[in-house]
Amino acid sequence: MIHLMSVFRGCLLAWAAVCVVQPAELRADAEDDLAEGRKMVAAGDLVAALPRLTAAAQMLPQSVEAQLALAECQLKLGQVDEALGQYRKVLKLSPEHAQAKAIVAELAGQQQSFDARLAQAQRRL
């Protein structure tokens with residue numbers, strides 16, 4: 001019985017070693033998602049880009065580049081509230097980020113209509 005348990009334990013450890021994704025692999029996958037998402041945005045395929053950029057932003061929470069790419073995609077899709085939240089994340093990571101500061105100011109402006117705020121923010125992209 002003890003031999004059977006040690007064999008089982010050895011198989012389990014070998015399986016876990018093969019199946020466990022290492023942090024470096026996760027980062028590489030996230031960087032791939034970011035690169036592919038950006039290509040999709042450049043090609044105008046915003047709907048396909050959104051899940052790739054969302055995954056990249058989640059896996060790279062300290063990356064200004066990933067947060068900014070997601071915010072830009074969301075804004076281009078007209079997801080203003082989500083984009084505003086993402087731009088605010090950019091500013092938490094990089095308080096002097098000029099583009100994010102300008103877009104947050106425009107999106108958060110209460111005097112303008114929604115359409116005017118959206119058009120101004122999109123011009124900054």
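Colleague: Why is the crossing of α5 and α6 called left-handed?

Modeller: The crossing of α5 and α6 is left-handed because the word applies when the near helix is turned anticlockwise from the far one by less than a right angle, clockwise being right-handed. This is a predicted model, in which local features need pLDDT of at least 70, side-chain atom pairs count only at pLDDT 80 or more, and totals for chains, interfaces and linings use all residues. Residues are numbered from 1 along each chain as its sequence is written, and side-chain values use heavy atoms, with hydrogens and water left out.

Colleague: How do the axes of α5 and α6 lie, and which residues make the contact?

Modeller: The axes come within 9 Å and cross at roughly 145°, where axes are lines fitted to C-alpha atoms over the stretch in contact and angles run from 0 to 180 degrees between N-to-C directions. The contact (heavy atoms within 4.5 Å) includes L84 and Y87 of α5 and I103 and L107 of α6.

Colleague: What makes α4 a helix, and how do you know what span to expect?

Modeller: Helices are DSSP runs of H or I with at least four residues, numbered from the N terminus, and α4 (residues 64-76) has 13 residues. The expected span is 1.5 Å times one less than the number of residues; α4 reaches 18 Å from its first C-alpha to its last, close to the 18 Å expected.

Colleague: Which residues of α4 are called buried, and what do they pack against?

Modeller: Buried means under 20% relative accessible area, with exposed over 50% and partly exposed in between (1.4 Å probe, protein chains only); among the buried residues of α4 are L68, L70 and C73. The buried residues of α4 pack against α2, α3, α5, α6 and α7.

Note on methods:
Helix = DSSP H or I, 4+ residues; strand = E, 2+ residues; numbered from the N terminus.
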